Amino acid sequence: MHRSLLLFSRCNHHRTITTTACRKEYVYGLSSVQAALQANKRAHLDKLYIQKSIDRTRLSGILDACQKQNIPVSSVDKGELNNMSGNKPHQGAVLDGSPRIPIELRAMSSITNGEYKGIITPQKTVSFQKTALDRHPLWIVLDEVQDPQNLGSILRTAYYFGVDGVLLCSKNSASLTPAVSKVSSGAMELMDVYATRNLVKFLQASSEEGWQIIGAAVSETSAIDLKSKKIDRPTMLVLGNEGVGLRYNVKRCCDQFVSIPAIHQNSNDNGLIDSLNVGVAAGILISRFCL
């Protein structure tokens with residue numbers, strides 16, 4: 001289980017990374033709380049708060065997990081839970097714990113017999129095995145995706161389809177917040193999420209180890225149609241920022257680009273709807289590459 005290598009600060013959701021402990025977080029929502037207790041990937045889980053009026057039979061799995069892990073449970077008013085969750089839909093349960101910590105990687109190694117390594121430092125690595133027997137490893141790489149809703153949606157899709165890994169930019173990206181966990185329906189709690197300080201160097205180094213780098217881009221004239229693309233070797237699918245898409249230097253790392261063809265085209269809309277939200281696009285691309 002991977003612990004404290006990096007920590008996104010809650011004080012600045014898109015900018016700051018710190019290696020020191022940050023203040024506690026409140027995980028909210030039944031799925032996220034259950035997943036956090038089940039996976040136990042947070043450095044510590046301190047206390048569960050439940051709504052006084054809630055039917056405890058709905059929380060049987062959560063309460064059992066707290067009992068097994070010696071996590072104290074406190075019944076509080078709904079207003080207190082509202083304050084902890086920032087008035088987000090907590091469903092009567094909030095878990096007090098440390099923030100999720102993405103694992104910093106510099107590059108990915110080549111693959112031998114289905115096994116490969118993520119390079120943390122020249123002396124330290126993390127080992128991986130491909131998750132699907134009938135396809136090559138597929139990683140989702142996010143180039144400064146900043147919307148927590150998009151990040152949560154992508155993590156949920158990646159977990160559902162058995163993607164081998166998800167990697168973020170350490171800077172200018174949405175952090176692994178309770179809001180992201182809630183949108184992901186707890187998937188963020190169940191999977192290790194990785195980050196890199198320099199995405200261009202990461203992609204270049206991984207490419208040299210035999211990884212195929214595919215960029216999702218609408219405006220690239222060289223982009224191939226999604227229907228004609230199959231994964232024939234270990235692949236990293238790179239998706240861009242909500243506003244500008246893939247950055248120029250990131251595009252230069254890509255071996256090829258893939259696009260999702262529009263079915264409906266109306267000349268009267270002046271190109272107002274000419275692309276998909278990155279969360280939606282990720283769902284389509286991941287399902288196409290994994291199925």
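I worked from a predicted model, in which local features need pLDDT of at least 70 and side-chain atom pairs count only at pLDDT 80 or more, while totals for chains, interfaces and linings use all residues. Residues are numbered from 1 along each chain as its sequence is written, and side-chain values use heavy atoms, with hydrogens and water left out.

**Count.** I looked up the salt bridges (a side-chain nitrogen of Lys or Arg within 4 Å of a carboxyl oxygen of Asp or Glu). The structure holds 9.

**D96 and K24.** I found the closest N and O atoms of this salt bridge 3.4 Å apart. D96 is in strand 6 and K24 in the loop between strand 2 and strand 3, so the pair ties together parts 72 residues apart in sequence. Helices (H or I, at least four residues) and strands (E, at least two) are DSSP runs, numbered from the N terminus. I then checked burial: buried means under 20% relative accessible area, exposed over 50%, partly exposed in between (1.4 Å probe, protein chains only). D96 is buried at 4%, and K24 is partly exposed at 39%.

**R42 and E189.** I noted 2.8 Å between the closest N and O atoms of this salt bridge. R42 sits in the loop between helix 1 and strand 4, and E189 in helix 6, 147 residues apart. R42 is buried at 1%, and E189 is buried at 2%. I also found E25, R42 and E189 linked in a network of salt bridges.

**D164 and R135.** I recorded 2.9 Å for the closest N and O atoms of this salt bridge. D164 is buried at 11% relative accessibility; R135 is buried at 11%.
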